[in-house]
Amino acid sequence: MTAHTHGTNGSEITLSRTLGLLDITMIGVGAMIGAGIFVLTGIAAGEAGPALVLAFFLNGIVTTFTALSYAELGSCFPEAGGGYLWVKEGLGGTQGFLAGWMSWFAHAVACSLYGLGFGRFAVEIISLGYPDILEIAQPVTLAFMTLVVVLFAYINFRGASEAGAIGNIVTIAKVIILGIFIVAGVITIVRQPDLNVFTDNFMPHNLGGVFVAMGLTFIAFEGYEIIAQSGEEVKDPKHNIPRAIFISIIIVVIIYVLVAFVAIGAVKVPASVGDIPIWDYLAGAKEVAIVRAAEQIMGRWGGFLILISGLASTMSALNATIYSSSRVSFAMGRDSNLPSVFGRIHPKMHTPHYAVAISAVLVIVMAYLLPIEDVAKAADVMFLLMFAQVNVTLMTLRQRRPDLDRGFVVPFLPWPALIGIVSNVLLAGFLAYETGRVGIVTIVWIAAGMMLYWGYFRNKEAMDKPKEVLMEEALVSVDYSVLVPVADEKQAVELGRLGSVLAQEHNGGVLALHVIKVPPPLSLSDGRMFLEEGRPPLQQVIKQAKKKDVPVHTMIRLGRNVADAILKTVSENTSDMILFGWPGYSGTRDQLFGSVIDRIVSNPPADIAILRSRPYTSLRRIVVPVAGGPNSRLAVLTAVALARNTDEETAVVLVHVAVTGSDQTAVAARAGNAFRRATEGVDYPFEKKIITADSPVTGILNAAKGADMAVIGATRERLFVNLLAGNVSQQVAEQADVPVMIVKRRSTILRSMLRETVLPPLRTSKKMS
């Protein structure tokens, strides 16, 4: 994972693990039961009416779909940075930076909002004894905000255990106060059992009102993101992070639903206000709606108690968001996605002290200078967009990294993640549409981040990374490149020869790659000790290329995962074809060609050729089974490339296999169409044959007898069905007495996207071929 980088002395920059299950559960609960339950309940009641209870419940269900993604990813990547690091791992550097950039901004803005909320509640309490303070409410609010932000920044500087202990006390206090409010409200409802308010007009604004209320309050449920941010400081994160996420959501949904039930069911509209529905009365009270409800249910002291709870709520939410904003900026600094000062650790406290201090300054400056309510809505949009990125990342990493040690696995993938993506994007679009300025703020912040990343941080990140490419030699630039990954000298001789022939057809060159797989206990830099073992195979490819006078480009690359290293090389060098060597059956029924080839063949970034090697002396006769489709045409083009560039005269025999008992007229028509599509525009004297056999495999094997090689297109896979390169081609390659080359076209953009996300993951074992 990219989070752990090395300092100048070679040591890893990491945080200490001091938080238990209770600590991180309380961090999540503290963030979710923040100012939102006080500020938003009245406004949302005006939109949904009594159905506010349903809106909170549905939000709990909807947010669970994204929380499932956080639980799985948090269990296998327990490092500071949370969603930022996962998106970076799954979707690449640009998307990863964008996730971190949005997360840092969103948490800082939320922190400003909570700080101002604390100041407002403090002024309200003081006004009970000194009403004149209301005349200078704004500057006093800002002063209290500054004090509380500085206080919790210092607490977070002291360490996660100190911040966690104080956060636990504050969170438990406000849950107890809300519990008292709920119990008192339920008693009031029991004494005056008039629930007509729920039965007479449950949805005064229909389902649209419920959805509006969901959009307004959804962001109150994002506290589980902060649990993920704490991963590097959690004891037993593999199990505790998923547990804390689900426990906190259950606690919060129950509290929100009961608070809404009591606020609407136990409160009566004062006669002085007039004859209006209770939800309109609460909407008019806005941020003090719960205070007014508590004053009715429990008297004046009840309102005071809720104000105290409001102070506790904003403090615990403030603590959680300062913690989270500093951890994501720390992770970005550690990855050179922000200035390196963010990634430094205090030598005594073992906390990211600069990240905490700079994040606190950003919070205070935003509160003083920006229209914080509008900016907060933009932060909501960014949270939702980042949640959508995390859901996409979950699906992508299931495909790319089946080897990860997952403490929790999301069931029924991809459906939970897809539901999460749709709900996140729809709610983000709704919020951006509701206030035009929100969309502008979002676009400006994202654009500024992208300019910084593309203009500076991307290059800085690349320079600071451990160098993956140990050796690279390029003679000339070519327009067509055949990538030949080689593991040993014997394989290099054969692949180098055939790769050179294929490159010669297009006046191109060969890129010979040797990947040194570095085991986890070693750093990538330590892989340099294996440099010499990679040179001999590359020398063999160079010899074969020289015989054909084909330019050759050699590379030795370090990597944790061989398939990832090959894919990076294809991307960086825009290779047109990848030529693999396959020794035969992989040894497990879950793999066709082994985990490395299977991974790339399932979603090929370039045309693929897989050679099942058998001894041969010359290529005088090449058999090409033709059934129609793009892979059949690629097989014909590949066979022609081999035939044209060998030293001897070579016959290319096209074979169409008909199953015994088929109608001969129909077979002839199908064969004619298949031959025409496969050879259209290709100038070569083909032989064409129709063979009848009990099965396609038997027919192809019979046709290959007496030939020097068979080139076969991969069986076409049906969408959403994981057939890889297909059973027919694999069986022919396994059983034929001659070398067999299986070819497959590169993926289209749509199929590539589906393969990386929605389509079922490859069932591969950890055994490499």
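# Questions on a predicted model

Me: Which residues are buried in helix 1?
Reply: The model is a predicted one. Helix 1 is mostly covered, and buried here means under 20% relative accessible area. In helix 1 the buried residues are Asp23, Ile24, Thr25, Met26, Ile27, Gly28, Val29, Gly30, Ala31 and Met32.

Me: How far apart are the end C-alpha atoms of helix 1?
Reply: Helix 1 covers residues 21–32, which is twelve residues.

Me: Is Leu369 buried or exposed?
Reply: Leu369 is part of helix 15, residues 353–369. Leu369 also belongs to a nonpolar surface patch of about 480 Å², together with Val361, Val365, Tyr368 and Leu370. The relative accessibility of Leu369 is 66%, and the cut-off is over 50%, so Leu369 counts as exposed.

Me: What kind of pair do the rings of Phe118 and Phe144 form?
Reply: A search of the whole structure gives 18 aromatic pairs. In the pair of Phe118 and Phe144, the ring centres are 6.5 Å apart. The ring planes stand at 70°, and planes over 60 degrees apart fall in one class, so the pair is edge-to-face.

Me: How many residues apart in sequence are the parts that the pair of Phe118 and Phe144 ties together?
Reply: Phe118 is buried at a relative accessible area of 12%, whereas Phe144 is partly exposed at 25%. Phe118 lies in helix 5 (residues 93–127) and Phe144 in helix 6 (residues 137–158), so the pair ties together parts whose separation in sequence, in residues, is 26.

Me: Which residues form one aromatic cluster?
Reply: Aromatic rings pair if their centres lie within 6.5 Å. One aromatic cluster is formed by Phe97, Trp101, Trp104, Phe105, Phe342, Trp445, Tyr453, Tyr456 and Phe457.

Me: Which ring does the charged end of Arg612 sit over?
Reply: The charged end of Arg612 is 5.8 Å from the centre of a ring. The ring under Arg612 is that of Trp582.

Me: What is the distance between the closest N and O atoms of Glu505 and Arg644?
Reply: The whole structure holds eleven salt bridges, and Glu505 with Arg644 is one of them. The pair links distant parts of the chain, with Glu505 in helix 19 (residues 489–505) and Arg644 in helix 23 (residues 630–644), 139 residues apart. Glu505 is partly exposed at 25%, and Arg644 is partly exposed at 39%. The closest N and O atoms of Glu505 and Arg644 are apart by 2.9 Å.

Me: Which residue forms a salt bridge with Arg557?
Reply: Arg557 counts as buried, at 2% relative accessibility. In its salt bridge the closest N and O atoms are 2.8 Å apart. The pair links strand 4 (residues 552–559), which holds Arg557, to helix 21 (residues 562–573), and the two residues are 15 residues apart. The partner of Arg557 is Glu572.

Me: How many residues apart in sequence are the parts tied together by Asp607 and Arg745?
Reply: Asp607 and Arg745 form a salt bridge, with closest N and O atoms 3.6 Å apart. Asp607 is buried at 8%, while Arg745 is partly exposed at 29%. Asp607 lies in strand 6 (residues 607–612) and Arg745 in the loop between strand 11 (740–744) and helix 27 (749–756), so the separation in residues is 138.

Me: How far apart in space are Gly117 and Ser313, C-alpha to C-alpha?
Reply: Gly117 is in helix 5 and counts as buried at 10% relative accessibility. Gly117 and Ser313 are 196 residues apart in sequence. In space, their C-alpha atoms are apart by 9.4 Å.

Me: What is omega for the peptide bond from Leu413 to Pro414?
Reply: Pro414 is in the loop between helix 16 (372–400) and helix 17 (415–434). The peptide bond from Leu413 to Pro414 is cis, with omega near 15°.

Me: What is phi of Asp549?
Reply: Asp549 lies in the loop between helix 20 (531–547) and strand 4. Asp549 is exposed at 69%. The phi of Asp549 is positive although the residue is not glycine, with a value near 55°.

Methods:
Residues numbered from 1 in each chain as written. Predicted model: local features only at pLDDT ≥ 70, side-chain atom pairs only at ≥ 80, totals over all residues. Heavy atoms only, no water. Patch = residues over 30% accessible without salt bridge, like charges linked within 9 Å, V, L, I, M, F, W, Y side chains within 5 Å. Areas by Shrake-Rupley, 256 points an atom, 1.4 Å probe, with all protein chains shown as cover. Salt bridge = Lys/Arg side-chain N within 4 Å of Asp/Glu carboxyl O. Helix = DSSP H or I, 4+ residues; strand = E, 2+ residues; numbered from the N terminus. Buried < 20%, exposed > 50% of the residue type's maximum accessible area, 1.4 Å probe, protein only. Expected span 1.5 Å × (residues − 1). Phe/Tyr/Trp six-rings, centres within 6.5 Å; stacked < 30°, edge-to-face > 60°. Lys NZ or Arg CZ within 6 Å of the ring centre and 35° of its normal.
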